[in-house]
Amino acid sequence: MSNMRSLSFDAIIIGGGGAGLRAALELAKSGKKTAVLSKVFPTRSHTVSAQGGITCAIASADPNDDWRWHMYDTVKGGDYIADQDAAEYMCSEGPKAVFELEHMGLPFSRFDNGRIYQRPFGGQSKDFGAGGQAARTCAAADRTGHALLHTLYQNNLKNNTTFLNEWYAVDLVKNANGDVVGCIAMDIETGEVVHVKSKATVLATGGSGRIYASTTNALINTGDGVGMALRAGFPMQDMEMWQFHPTGIYGAGTLVTEGCRGEGGYLVNKDGERFMERYAPNAKDLAGRDVVARSMVMEILEGRGCGENGDHVYLKLDHLGEEVLGKRLPGIVELSKTFAHVDPAKEPIPVVPTCHYMMGGVPTNVHGQAIMRGEDGKDQIVNGLFACGEVACVSVHGANRLGGNSLLDLVVFGRAAGMFIEGALNEGIDYLDASESDIETAMKRITRWNESESGETVPELKRELQAIMQNSFGVFREEENMQKGVKQLAELRGRIDNAYLPDKSNAFNTARVEALELDNLMEVAEATAIAALERKESRGAHSRYDYPDRDDVNWLKHSLYFPADKTIGKRDVNFAPKTVDTFEPKVRTY
Amino acid sequence: MLQVSIYRYNPETDSAPYMQEFQVDTQGRDIMVLDVLHMMKEQDNGLAYRRSCREGVCGSDGMNMNGKNGLACITPISEVVKGNKLVLRPLPGLPVIRDLVVDMGLFYQQYERIQPYLQNDEPAPAIERLQSPEDRDKLDGLYECILCACCSTSCPSFWWNPDKFVGPAGLLQSYRFLVDSRDTATRERLSELEDPFSVFRCRGIMNCVAVCPKGLNPTRAIGKIREMLLADST
Amino acid sequence: MVTNITNLGRSGLSDWLIQRVSAVILAAYTLFIVLYLLFNPDLDYLTWSGLFAQTWMRIFSLLAFISLAGHAWVGLWTVTTDYLKSTATRLTVQLLVILAIFAFLVWGIQILWGA
């Protein structure tokens, strides 16, 4: 190992999506020696697929809009396990972050008065739920994620950020004190493995939707950050909370934005009935995503699904007219034609709830600092480790994320992490260097793959993992089935630990990357499964047949998954916002 | 059984690139070319190609399919396969790293050269900068570029002068900022483009328009840049 | 801005303008000659040289020659920069092109205004 090359930075940001690029921008502006390490060229990150918009009370559609109303929606949407100090921070800082994006050049759609266009999205209200539907999602047609990611990348170019593009982070490096002091990374193009030293290591690796067979997520969303943090021994929070987006295109899994329903589209069953009127009489198709997804599954299970097998429903948009579709939802028209072979101006789109977003992740505070549990049972900051974006669990989304809140999460907490790290670097950070054996520990798993001589191969094992998750940890969950799933995963882990990488070449070896990703999928899947089995209630996206009600007595808590012994602990939810009164848990109806 | 012929090159083991034949069982379904590649990768783990979003928005899997550039993930085989035969090659004109993976360095350099970011020397207001819907409409058909390089690598002018001609993708973005009502660096941007290569090496071949998977029109944008240069200097 | 290989004017815009304007002049000239030939099916030397004896026709022709020279220079310069990557070869070929164009132009003037 001693001949391994090493690179040194003040801060290394792992992941080139919205959160990573926003954090990098902050640090690049401050002149800190920063690098973004991304396994794909940054604009290929999954942020690019976000469609509908970025939810934020910028008071454009409604001049009297208030970030506190947005905060209320967020807390309620998260079924009351969103941390209220974090939701407060996100919703109040949000406008600043959105205006910054606009100043950077993001091509937002506009109202006639020249202000940013905002559309209604699910779970949005005025006046703390009393004032009816709000329109709070700032949009660039239905390509907001693309516009946002490109804008951030462009501004990083402007500020001369260093990019390590097509580099893959293998594992975190910890020193003798347990501080995170960098990572092991592989240059995919050459296969060279490098020790990246850093005073601050930021996980911005995004989601892990690829643990499910059917997902809206990109093929690259393999939970690399979660995997690295778990292997380094750090806990994960609320991993049972997976959002199933109501409208994934049936068969293909590609996303159809909630903005379709925001613009006036609605769901119908095989009888042509607008069934959401029964499940959510007020918000109808714009209820929380968990509510809509469950209602769709109920329709399908009760025999009112569409198609030959009755296994999906329809999203009706034709009544909006070609002009609205062309102006506000052009990307959706394209996607429907390509993946569903329907023109939404003429026919409805077949849709089905599809895995979309990981509410859980690395627990952090609002500065992006990773949190673990100290020996005294209290929260303790992990020195040197930060997380922001989907991989982090701040937690602003609680048990269910509202549409449009993920993009806001990215820019607000990417920015916050960048600002905090800048301050910390100014004050001086001095951790012990990693020793040879610390580095070797982090090299263990890539070494294992490189030395594997026989065994099962990656694609087969991955398919099996995805099938287990799909079958046992989907929209509705139940004890016995989950028990079975957990057992199957344990057995699968043994097989993955002995799996085989046939191609050992160095130049752009994507097979090696996929093998390393499989390890991470395994970590995410197991954390999800064990947390889901443990949370004996139904809350937000976590719905159990056997525990159909919310249990605020026992479970108004975050779950914490500890990798060392694979146990679940509980962590208090923050109910102490600084400038507003606490939103007390109420029955959640739409 | 679909007959696939694919360009293979591994710099560690191959002295020269070659075409390899595969048989892929599509079970009669009209799947995407990317799905075909996944099936081939299961047969041969070492096959290398880029992919990410698999829905045509990230721009990773631009390649040459039966002679035409496009994105594998949104190209159904029915659209490109002729006589049950599919020939897959890397994007033309860029150095090959391995199999279908090309070195996009020159392409990105040309993108960076046009200063692809908003420049405005006036102090930013407390809210957003206002922009009329009409001014915003001017960015449609420009900002949607996904940097897949299908256009630039199908452009003969870019093949001959990839270091000097900005290429259709970069010029489309250049015009995106030239025409943005919020950008104040128009004159500086134009003066960087008036040499005989950056813009003027475009000969209106329009391969870029024919292949753009997002249906964008770089040739039109290049024409607009020429008009702006003309107006600026007369 | 690309400055390492440059044409005489260093401006792509002027090159582009030269090519477009000269193309229009050449098109007009060609059209004129073709029509003239069509309308004079029994053309003899006397009529033909009579046409070229008129001052306006000499000016028109000279304009066409100059346009041809400009058009050829811009076009061939472009071709040499596309295909000739060695500077020495490219410069040599460009020099020959300039010489040829110059020679043809002088020769053309001589034909028009001479004798």
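Q: What sits 2.9 Å from the backbone nitrogen of B:Ala185?

A: A polar atom of the B:Asp183 side chain lies at that distance from the B:Ala185 nitrogen. Bear in mind that this is a predicted model.

Q: Which other backbone nitrogen does the side chain of B:Asp183 reach?

A: That of B:Gln119, at 2.8 Å.

Q: And where is B:Asp183 found in chain B?

A: B:Asp183 is in the loop between helix H6 (167-178) and helix H7 (186-191) of chain B.

Q: Is B:Asp183 buried or exposed there?

A: B:Asp183 is buried, with a relative accessible area of 6%. Leaving aside residues up to four places away in sequence, B:Asp183 touches B:Tyr117, B:Leu118, B:Gln119, B:Phe177 and B:Arg189.

Q: Nice. Moving to chain A, which helix holds A:Glu523?

A: Helix H15, residues 510-534 of chain A, holds A:Glu523.

Q: Buried or exposed, that glutamate A:Glu523?

A: A:Glu523 is buried, at 10% relative accessible area.

Q: What does the side chain of A:Glu523 make a polar contact with?

A: The side chain of A:Arg493, at 3.2 Å. A:Arg493 is also among the residues that A:Glu523 touches, along with A:Gly227, A:Leu230 and A:Arg231, when residues up to four places away in sequence are not counted.

Q: How many residues along the chain separate A:Glu523 from A:Val226?

A: They are 297 residues apart along the chain, yet their C-alpha atoms are separated by 7.4 Å.

Q: Let's talk about the sheet in chain A. What is the order of its 3 strands?

A: The order is E3-E5-E4, in an open sheet with antiparallel pairing. Strand E3 (54-55) and strand E4 (118-125) are at the edges, each pairing on one side only.

Q: How many bridges join E4(A) to E5(A)?

A: There are 4 bridges, and the two strands run antiparallel. In that pairing, A:Pro120 stands opposite A:Ala135 of E5(A).

Q: And how many bridges for E3(A) with strand E5?

A: E3(A) pairs with strand E5 (residues 133-138) over 2 bridges, also in the antiparallel sense.

Q: How many residues of E4(A) are buried?

A: In E4(A), 7 of its 8 residues are buried, so the strand is mostly covered, with buried taken as under 20% relative accessible area.

Q: Which strands does helix H2 of chain A lie across?

A: Helix H2 (residues 67-77) lies across E3, E4 and E5 of chain A, and runs at about 50° to E4(A).

Q: Last one: what UniProt annotation covers C:Tyr83?

A: The unreviewed UniProt entry has a "binding site" annotation that covers C:Tyr83. C:Tyr83 lies in helix H3 (residues 55-83) of chain C.

Q: Is C:Tyr83 buried or exposed?

A: C:Tyr83 counts as exposed, at 52% relative accessibility.

Note on methods: Residues numbered from 1 in each chain as written. Chains lettered and ligands numbered in written order. Predicted model: local features only at pLDDT ≥ 70, side-chain atom pairs only at ≥ 80, totals over all residues. Heavy atoms only, no water. Pairing = 2+ DSSP bridges. Contact = heavy atoms within 4.5 Å. Axes fitted to C-alpha atoms, helices over the stretch in contact; angles between N-to-C directions. Buried < 20%, exposed > 50% of the residue type's maximum accessible area, 1.4 Å probe, protein only. Polar contact = N/O pair within 3.5 Å; in protein donor to acceptor, adjacent residues only side chain to side chain. UniProt positions renumbered as here; feature names shortened; annotations may be inferred.
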